[in-house]
Amino acid sequence: MRGPQWLDDGMPHIWLPYTQMQTVLPPLPAVRTSGCDIHLADGRVLTDGIASWWTACHGYNHPHIREAVSAQLARMPHVMFGGLVHEPALTLATRLAAILPGDLERVFFTDSGSVAVEVAIKIAIQYWINRGVSGRNRLVAFRGGYHGDTLATMAVCDPEEGMHALFSGVLPQHYIVDLPRDEASLAALETLLSESGDEIAAILVEPLIQGAGGMLFHGPDVLQRLRTLADRYGVLLILDEIFTGFGRTGTMFACEQAGIVPDIMTLSKALTAGTMPLAATVTRSHVFAAFLSDNPLHALMHGPTFMANPLACACANASLDLFAAEPRLQQVAQISAQMTDELAACRNLPHVRDVRVMGAVGVVELDAIADMNRLKAALVALGVWVRPFRTIIYLTPAFTIHPDELSRLTSAITQVIRDGAAG
Ligand SMILES: *Cc1c(COP(=O)(O)O)cnc(C)c1O
């Protein structure tokens, strides 16, 4: 079957993400989306199980978001944010401050998750410099963590995980340790903080679910311990809610389940419901206060060209309208129950090591995936779009998914494992 002309013309010129281009199988040409459907150029329609890296939380092409973007497009697609401000960004900042816990109320916009984490790191380090404390320029982050692909964020990802190992020589050295899940790991972290606390600017963690590092879950008690330790040793706590924010774990933000407030939070992914690139670094008032000064060097010197893009902010505002008007968290609970029920069938299949569900995240972990390409092809042949990685097959569907569509996804996963495509 021949693809469209633009595919043949363009493939020699495009460089794809996370891909060995010498052996890449032809990617699937997508031409249209709607709801949980991805339409391919040859007419096939795939049911989407992962909502484009878990961004499209209301499904694709939601009319309310489309209308908000069209209206903003006609009015003002973009204007620089240096010296100028606009309603979509200020309204969005006001609304985020209102729904975020505690006094997380000062919002710095960027255009990707990695950059939001970079800004959080800069803020954490400069917070100490501005307060006249020197030498606090390292972070504590965790095995299994993922915070982005840029240079500063690679340095706080799990170093063993492989994706960034080539660069280890040029990355700044931080402390990457085990999450304090038990007595031993808690004691080790406490020792690190008591011995090296004066080098540490902040603790950085993805709350409840470490996403791209393997969809690993931990309990709210782990976050409570981190908050306690951060307070005890006087370091900042940064929560990277880029994966977990906006309902994915069952509450609007994962930290709500632990009843804690971080000093800095990063948001992106579902912030615009997957329609436009946008990210935010949000700080509590005491963090922001450290940047208020007569000294011009105490300002935050950061400003992406497209920061606070009005179209992206309009998407995010429209997405928050939908969270307010429609029962999204109830839908997440229903998805959670249905995935728990239906993925349980995988538990007794060969090579299945674990099945776990939290909020609208369902994971089947295998011993190993022998032939990833064969597995991916088998899933597409069953009419679903699911992207296994390393040893896991996961679902992060739109919250608006219909139960029948979700069943199609869970049965496709069960079937490929039963047929041995994963083994
Ligand atoms: C995706 C992700 C990032 C990076 O976001 P990009 O927009 O891809 O740069 C950072 N942290 C977490 C937890 C993520 O899931």
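## A hairpin and its neighbour

Strand 13 (residues 352–358) and strand 14 make a hairpin with two residues between them. In the turn sits G359, which has a positive phi of about 55°. Strands and helices here are DSSP runs (E, at least two residues, for strands; H or I, at least four, for helices), numbered from the N terminus. This is a predicted model, in which local features need pLDDT of at least 70 and side-chain atom pairs count only at pLDDT 80 or more, while totals for chains, interfaces and linings use all residues. Residues are numbered from 1 along each chain as its sequence is written, and side-chain values use heavy atoms, with hydrogens and water left out.

One of the links joins V357 to G362 in strand 14. Strand 14 also pairs with strand 16 (residues 392–395), again in the antiparallel sense, over four bridges. There, V363 has Y394 as its bridge partner in strand 16.

## Strand 14 under cover

How much of strand 14 is buried? Six of its six residues (361–366) are, so the strand is largely enclosed by the rest of the structure. Buried means under 20% relative accessible area, exposed means over 50%, and partly exposed is in between (1.4 Å probe, protein chains only).

The cover is on both faces of strand 14. On one side, V361, V363 and E365 are buried, and on the other, G362, V364 and L366 are buried too. Note that E365 is part of that buried set.

## Strand 4 and its partner

Strand 4 (residues 104–110) is another one to look at: five of its seven residues are buried, so strand 4 is largely enclosed by the rest of the structure as well. Strand 4 pairs with strand 12 in the antiparallel sense, over six bridges. At T110, the bridge partner in strand 12 is A279.

## Around the ligand

A polar backbone atom of G113 is 2.8 Å from a ligand oxygen. A ligand nitrogen is 2.7 Å from an N or O atom in the side chain of D240, and a polar side-chain atom of K269 lies 2.7 Å from a ligand oxygen. On its own the ligand has 380 Å² of accessible area, and the protein covers 84% of that (Shrake-Rupley method, 1.4 Å probe).

K269 is found in the loop between strand 11 (264–267) and strand 12 (279–284). Is K269 buried or partly exposed? K269 has 25% relative accessibility, so it counts as partly exposed. UniProt lists K269 as "modified residue: N6-(pyridoxal phosphate)lysine", in an unreviewed entry; such annotations use the numbering given here, with feature names shortened, and may be inferred rather than shown by experiment.

S114 is buried, with a relative accessible area of 15%.

## What the record lists as binding sites

In the unreviewed UniProt entry, one "binding site" group is G113, S114, D240, P304 and T305. They span 193 residues in sequence, and the farthest two C-alpha atoms are 22.8 Å apart, so they do not all gather at one spot.

The record also places "binding site" at W53, Y146, K269, G303 and R387. These positions are spread over 335 residues of sequence and also in space, up to 33.9 Å between C-alpha atoms. W53 is found in helix 2 (residues 51–54) and is partly exposed, with a relative accessible area of 48%.

## Two other spots

Y175 is in strand 6 (residues 175–177) and is buried, at 16% relative accessible area.

G214 lies in the loop between strand 8 (209–210) and strand 9 (216–217), and counts as buried at 9% relative accessibility. The C-alpha atoms of G214 and S114 are separated by 18 Å, and the two residues are 100 residues apart along the chain.

Terms used:
A polar contact is a pair of N or O atoms within 3.5 Å; within protein, one must be able to donate a hydrogen and the other to accept it, and residues adjacent in sequence count only if both atoms are side-chain atoms. Two strands pair if DSSP finds at least two bridges between them.
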